[in-house]
Amino acid sequence: MTFFLLHTNSFLLGVLSLIPTAYTACILSGDETTINDLLSSGGANAIVSLCANSVFNLKNPIVFTAPNQELSTQGYSTDSTRATLVVTGVNQTAAIIGNCDQCSGLRLRNIQVNGNRPALGLFEGSANIEIGGPTSNQLVDHVHSYEPRGWSCLHITESGISGCRNATITNNEIGPAGDSAGHWADGISMACISSLVANNVITDATDGAIVIFGAPFTTVKNNTIIAISRVILGAINMVDYDQYSGDYTGATVTDNTIWAKSAFIKTGISIGPAVWGADKTNYNRNGIVRRNTIKGDNMGYGIIVSGAHNFTVLDNISTANYSGAFTSSCYTPNNAPPMAFLKSTRADGNFQSNFVLGRAQLIVRIECQTCQGTLPYDSCSSNAACGCLRLASNNDNSSICAYLSLSCSKLISCAPNNQTCYQPRHVCVEHPRCQNRPLCYPIDMTTREICPLVLPTTTGATTPMIPDDGICASAKWNPNGTTVIGGKGSGSALDQLYFPSHIIVDRDSNVYITDSFNHRIVKWALNLSVIYEYSMPGTSSGQVVAGGNGPGNGTHQLAYPEGFAIDKNGSLFICDPGNRRVQRWYNNDDHGTTIMFDTHCWGIVIDDEGLVYISDSVDYHRVITWPDGRTVAGGNGEGNALNQLSNPYLIFVDHNRSVFVADGGNHRVMKWSAGATEGLIVAGGNGAGHELNQLGEPSSVIVDRMGTLYIGEAFNARITRWFKGSKEGIVIVGGRGEGNHADQITKQCDMAFDRDGNLWVADYFNHRIQFFAIDKSSCKSRKYTVPFLINESIIIVTF
């Protein structure tokens, strides 16, 4: 019994030793002295709390000294109120050092670290934050680290085979870092084994946004890398050999987004030492790269593999445009031209089928071709008002293509170093028409919407062939529809539907349907010639491509799904309102990944750059985009003002990025141009009704290149056609009351066109898909044809 009591007391003492030593009062602004004193005297488990909005001007680094110590902002805020550490020492580069042999369990949370390079200049040395070493279980979370004087914002260093393990780097904002004049800097530099780098946003980190130094069994996932105003050499790099002798076993790069938004990214994901150097001997091996997305108009190469053995590179998506040229001043061994997926003969493993075999050596030497080597104000766009402006921070003639008609009086001078702009979303350029000193120019005046590029590009996605179907303004549709799918009562058999709510017809005549109350998406491979001749579908049942496992919130389940979209790689983006989420199901996968929570998503579309638009209907009455989270329509509460929506249903996005919304609760269709703060009524808006100038709860809308609208009206059980500028529509299908006859539809939710212009309708309450054949006999004297794309459906309207 005595032994038991001694054992219990020892156990309690051990537990008590793990309780953190917290300092109840936060520390006000100052320097590193008080912080270091508390870390040194507090020992293991000490928590040093900094006051919100405090600023610490550091002459020397903050140094962690014992296990399980924490440095954080009181209250763990995630915005600009986080405490800020500013490097001010003349010969200082690091703000924080936590790589000692007693530094396991370090926690760095909810602070900001300003390396202060614009004011102090470049200084060769360490990163803003130096952790890792002979440690385990370190955490960096909700930290903003930017403008390092040295080579990286955050370095998690290795320490031999028994060194750093299980670091967690999550939810951080990293960058900007370095410049493009040869003074580059990394965002996150990871060399720690079995670690996690997730949900970070890295912006304008000029060297490697995320660099993986071998780091076996480390996962890099769900990060977003954006180039806005500085050239990035490599978004994600797996090129370094020395740290682990090329061993990338279990190192996994998955579900990241790389976005060359308004500045050049030379390489998206680089694999193998040959990509960045002249190494023709060594191989990196055994890494995994899956389901990453590369997009934007300013990419050099997407994923490049050269000097790699047994890598798995599958299911990655590119919607980017690729361009660039190699300068004459560097070694260019006849490399393959810019493209999405490139591998050399020194690459083996399991690769997705769209890789191209070609030369890949020193690929990082590629330069942006947009204004490379041009003179100031040279033409760079189909918009004659745009021209080239040289970036003041560069010594390699790199320039941007910008809208030049902005008044000089609206521009201010750059910082004294002639490289830095303190205004958000501005970049330092040379603009001698305004003044001799460099000026800060708004990035928003360099977008591809304002200055469309004119240069040879290759696209990362396959462009479907556009047929000439000869639809003209006088074309009509047979008022009597043919039931081609369902119509056998509600049920869960594969030849039945149960409240079909959404439909897509692709260019190969595959029909995809949201089978809402069966909690699934089904695909029917139909034969159009059989439908034309025999009014039959040509196949007896569909196949489940998502869900179908009963209602639920598992990754393999859906709950009353609504709208969906299909990207150019066959992945499904699905509104799952029963679970208040949006799911992405990769092609042929048996489960989905949640890309958005807390949304009653009704409609979803994807534009030609791969940006996803979501109608967030019941709670927020808005249209938002993913992955950047912008509100592009509504979002001002429910109402009928021009800046409001009421229960937005399905949406359509045209090639000018205008968003058309079936504003169901307001019985109107709204057009929100890109960047607009309010919409324009383009159909309806005269109250609910069945007159031709009215709409009855519009649920879907399609727009052709000439601006003609096709609108599905749930309450009026009809589909109307509204020519551009018209004050009323023309009924083309339905409008004969609700019912289940061939000329009737009941509470239809959605419609689609096939490649010939035939109309397909999801007839919701009749649990069927109706096919309405087009009559083009009046289309004899055509002047021109105009294509438009609805997901994968190609429509040509001829006038």
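I count a disulfide as a pair of cysteine sulfur atoms within 2.5 Å.

**Ground rules.** I'm working with a predicted model, where local features need pLDDT of at least 70, side-chain atom pairs count only at pLDDT 80 or more, and totals for chains, interfaces and linings use all residues. Residues are numbered from 1 along each chain as its sequence is written, and side-chain values use heavy atoms, with hydrogens and water left out.

**Overview.** The protein chain has 799 residues, and 57% of them count as buried. Buried here means under 20% relative accessible area, exposed is over 50%, and partly exposed is in between (1.4 Å probe, protein chains only).

C408 and C434 have their sulfur atoms 1.9 Å apart, and the link is left-handed, with -75 degrees about the S-S bond. C408 sits in the loop between strand 39 (399-403) and strand 40 (426-430) and C434 in the loop between strand 40 and strand 41, so the pair ties together parts 26 residues apart in sequence. C408 is partly exposed at 34%, and C434 is partly exposed at 22%.

C26 is joined to C51, S to S 1.9 Å. I get a torsion of about 90 degrees, so this disulfide is right-handed. C26 is partly exposed at 23%, whereas C51 is buried at 7%.

C164 to C192 is also 1.9 Å, S to S. Its torsion is about -90 degrees, so I noted it as left-handed. C164 is buried at 1%, and C192 is buried at 0%.

**Around P442.** I found P442 in strand 41 (residues 439-442). P442 counts as buried, because its relative accessibility is 15%. Y403 is 39 residues away from P442 in sequence, but their C-alpha atoms are 9.7 Å apart.

**Cores.** I take a nonpolar core as a set of buried Ala, Val, Leu, Ile, Met, Phe, Trp, Tyr and Cys residues joined through side-chain atoms within 4.5 Å. The largest has 75 residues, and L71 and I96 have the most contacts inside it. Strand 22 (residues 232-238) gives the most to this core, with 4 residues. A second, separate core of 26 residues includes C472, A717, V733 and I774.

I also listed what L71 touches (contact means heavy atoms within 4.5 Å). Leaving out residues up to four places away in sequence, the partners of L71 include I35, F64, I96 and R107.

Conventions:
Helix = DSSP H or I, 4+ residues; strand = E, 2+ residues; numbered from the N terminus.
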